[in-house]
Amino acid sequence: MDNIAIELRGIDKSFGPVHANNDINLKVRKGTIHGIIGENGAGKSTLMSILYGFYQADRGEIFVDGKEVAIRDPNTAISVGIGMVHQHFMLVENFTVLENVMLGAEDSQILNKGIAKARQELKGLEKEYALEVNPDALIEELPVGLQQRVEILKALYRRADILILDEPTGVLTPAEADHLFRILGQLKAQGKTIILITHKLREIMAITDEVSVMRRGEMVATRTTRETSVEELAELMVGRRVLLRVEKGEASPGDVKLAVEGLTVKDSRGVTMVDDVSLEVRAGEIVGIAGVAGNGQSELLEAIAGIRKATSGTVLLNGQSVDVTGHRDPAELRARGLAHVPEDRHHVGLVLKFEESENAILGYHNDPRYLNGVFLDIDAIRKDAEEKIAKYDIRPPNARLKTANFSGGNQQKIVLAREMERGPDVLIIGQPTRGVDVGAIEFIHKRIIEMRDQGKAVLLVSVELDEIRSLSDRILVMFAGRVVGERSPEATEGELGLLMAGVEGRKEAAE
Amino acid sequence: MSTPYAKLPGWVEYGLIPLINLAVAFLVAGLVVLLVGENPFEAAYHLINGAFGRGEYIGFTLYYATTFIFTGLAVAVAFHAGLFNIGGEGQAYVGGIGVALACLWLDQTLPWYVVFPLAILGSVFFGALWAFLPGWLQAKRGSHIVITTIMFNFIASSLMVYLLTRVLKPLGSMAPQTRNFAEGGQLPKLDWLLSIFGLDVGTAPFNISFLLALAAAFGVWVLIWRTKLGYEMRTMGHSPSAARYAGIRESRITVITMMISGGLAGMMALNPIMGEQFRMQLDFVQGAGFVGIAVALMGRSHPGGIIPAAILFGVLYQGGAEIAFEMPSISRDMIVIIQGLVILFAGALENMFRPAITRAFAMRGQRAAAVVQTKGA
């Protein structure tokens with residue numbers, strides 16, 4: 001059995017009452033790409049954190065190359081050849097690539113010697129794995145894809161033979177993701193072992209040799225990728241059959257409900273985040289805004305919702321103008337028929353320390369039906385919350401539970417129930433399924449389409465291209481604050497990907 | 001998975017952990033007493049006896065507690081809206097103007113039960129005014145409330161020196177204080193309340209403003225958890241971004257919250273001025289505004305926690321004075337050290353023992369689960 005790089009036996013880990021990993025067994029063969037897939041909260045990240053020494057398992061053994069090892073901290077993990085590329089990069093922004101790579105592995109107190117050596121080694125690595133990065137570039141000036149490459153180089157510099165990548169494509173454009181997969185293929189060809197954690201089934205199918213599925217803290221199955229299917233994996237993840245394609249009929253757009261004209265938004269430092277954006281959303285259609293995170297979509301939504309001040313431009317809601325540059329009042333916009341599901345439900349859409357029922361009225365707390373004069377009508381509020389809990393199947397069905405104790409999917413349902421049940425004319429939604437499990441995604445997508453079919457105008461922003469393509473009736477692509485194109489949902493992923501990457505993307509494609 | 005601490009049962013969260021913190025504070029305080037060559041058990045005896053030993057002592061303890069309930073509530077209300085009002089000291093001090101004016105104006109003609117409501121209004125008005133200015137400065141000009149309230153403490157102090165030496169002082173008097181109030185400016189004692197328990201209040205100034213403090217505590221509970229304003233305050237306190245999203249106007253809530261907070265702090269002035277001294281003296285607040293911060297921290301900003309926390313500090317004040325009296329080598333400063341230790345362990349280091357306790361409980365839970373499993377097998 002010398003071709004097993006990593007073997008986990010009976011790994012068990014609890015956080016208080018939460019059993020995050022329950023008797024996990026896993027074998028990863030040397031020189032393969034092994035996918036680990038599961039919903040949010042299935043325990044993937046916990047398992048990898050144990051392997052990398054962030055957490056200690058309560059029970060269980062870890063074997064690396066057939067030898068049992070006790071991984072107490074990341075340093076031990078590195079010493080046995082395990083490297084990790086985190087979902088959120090662990091890079092010092094104002095250091096150069098070289099400085100970041102050698103950070104923590106400087107070899108001596110005097111830096112000069114180390115720098116020279118590191119530079120040479122880095123060159124060797126770059127050549128060997130086709131990982132070109134300018135060693136003297138500052139991290140903050142590099143695009144995300146290259147930053148990730150630095151993370152990989154960091155692991156290789158520490159002589160990692162086993163690389164763990166945690167949700168590596170979350171921040172990448174499709175082109176960048178493809179490039180990453182090529183790099184991973186190269187690493188595999190050189191004999192490295194790669195563990196890829198993701199919740200995207202397509203990536204698993206595209207690149208892995210084997211795949212293990214986790215559900216609720218348990219390892220439910222391991223499959224050879226060639227012999228399985230997306231449907232089977234989805235079913236294993238969720239524990240029941242899931243509808244992966246969103247079913248929707250033809251849109252029948254009506255009047256223009258939301259019209260944005262020449263909207264420009266600058267941030268506090270005067271940097272233009274949204275640049276002269278115009279768009280229209282009609283009743284009964286879903287307009288999707290595609291784009292890599294950080295290209296102005298968030299600011300656009302916030303400006304329309306009255307949370308962020310626009311520098312110039314006009315917005316018409318139901319044909320009547322909204323003061324987006326001067327006095328903004330989200331409460332007034334709500335009263336005029338605008339509902340907003342914000343991107344960041346933890347800090348904006350919800351108050352996590354509130355009871356569920358208190359969040360179910362957030363933003364609508366001026367409604368007389370929740371009030372008795374200046375007092376809150378607690379009974380009415382709870383009753384209303386319980387109705388929404390039943391209708392949106394929010395679990396656990398407890399209106400008095402603290403919101404932080406709901407899972408991501410159920411938290412999102414709390415927000416959706418609040419915003420959708422008001423019957424708004426215009427619904428703007430940011431990242432409807434970020435951090436939401438597969439089962440809930442299906443439900444949320446259905447509700448969004450229902451809203452459209454009821455004749456609501458829906459503006460949707462998501463960094464998940466699949467989501468945009470399957471829900472939208474029209475797709476606008478944003479890059480660097482501008483709308484750079486409009487496509488139909490039938491447009492290919494490659495075509496959208498090029499738009500999302502802006503001009504740079506086009507150059508890369510030409511090569 | 002991402003929650004750092006697992007949820008503990010209520011009696012551990014609100015009972016065991018504060019008690020352990022308190023016990024450790026007293027343990028360390030005992031070591032300090034030992035260090036100056038005194039017997040810590042004797043000190044503990046004097047502390048407890050001095051606070052509860054006689055009806056009179058209890059009266060003093062509750063008199064101090066009354067003051068701390070007001071200032072603790074003041075800090076807690078602001079805290080719920082995410083504002084840190086350090087200016088309770090100054091607001092209480094200036095609140096005294098309202099009390100003094102009502103008394104000086106009417107004490108000779110009207111009975112206390114007419115003067116008292118007016119004095120309450122006066123104290124609230126002046127306290128709120130003193131908190132309005134920092135609140136308004138933060139809402140409109142972005143001046144941080146922690147800084148401005150501290151500065152307003154000093155301004156209040158200077159203002160009161162001016163008023164008590166120039167304006168409110170009777171002609172010919174040497175002392176920086178108002179004239180003594182007639183009967184209309186004196187609050188009745190709560191001797192009947194203690195006599196129910198067979199205790200004699202003696203000379204202790206335990207007065208009717210204690211009941212006002214309890215009513216204020218209930219009022220704060222209603223405000224925070226049962227009104228729309230309280231809902232908006234809590235939303236802003238937990239998450240300013242969610243408040244903005246919900247259309248809650250930050251500047252409006254900031255100003256209103258600070259005024260309520262200042263009003264509560266101002267009411268504190270009723271207790272010493274109308275309840276004990278029957279005149280307004282220089283420096284009558286004596287740090288109660290700052291003690292209020294500790295009380296609010298310890299009471300978790302909940303009226304149900306603030307009342308016992310205020311009583312605890314009442315015990316420390318009254319019992320501490322008794323220690324200083326009975327054990328001359330322990331000075332007043334030592335008492336301040338002990339009070340500081342309580343604040344340190346119960347407030348600042350509140351979570352120090354939590355991980356260990358959580359672990360102990362997790363282990364107990366696991367063992368219980370294991371027992372169930374073996375039984376099942």
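These legends describe close-up views of a predicted model. Local features need pLDDT of at least 70, and side-chain atom pairs count only at pLDDT 80 or more, while totals for chains, interfaces and linings use all residues. Residues are numbered from 1 along each chain as its sequence is written, chains are lettered from A in the order in which they are written, and side-chain values use heavy atoms, without hydrogens and water.

**View 1. Helices α3(B) and α11(B) pack together.** Helices here are DSSP runs (H or I, at least four residues), numbered from the N terminus. Helix α3 spans residues 55-80 of chain B, and helix α11 spans residues 250-267 of chain B. Their axes (lines fitted to C-alpha atoms over the stretch in contact) lie 7 Å apart, at an angle of about 175°. That makes α3(B) roughly antiparallel to α11(B) (an angle over 145 degrees between N-to-C directions). Phe70(B) and Leu73(B) are among the α3(B) residues that meet α11(B), whose partners include Ile260(B) and Leu264(B).

**View 2. The largest nonpolar core has 184 residues.** Such a core is a set of buried Ala, Val, Leu, Ile, Met, Phe, Trp, Tyr and Cys residues joined through side-chain atoms within 4.5 Å. Buried means under 20% relative accessible area (1.4 Å probe, protein chains only). Leu258(A), Leu263(A) and Leu459(A) have the most contacts inside this core. Its largest share, twelve residues, comes from α3(B).

**View 3. Tyr231(B) sits in helix α9 of chain B.** This helix covers residues 228-238. Tyr231(B) is buried, with a relative accessible area of 0%. Its contacts (heavy atoms within 4.5 Å) include Phe354(A), His365(A) and Ile224(B), leaving aside neighbours within four places in sequence.

Key:
Axes fitted to C-alpha atoms, helices over the stretch in contact; angles between N-to-C directions. Helix = DSSP H or I, 4+ residues; strand = E, 2+ residues; numbered from the N terminus. Parallel < 35°, antiparallel > 145°, perpendicular 65-115°, else oblique. Buried < 20%, exposed > 50% of the residue type's maximum accessible area, 1.4 Å probe, protein only.
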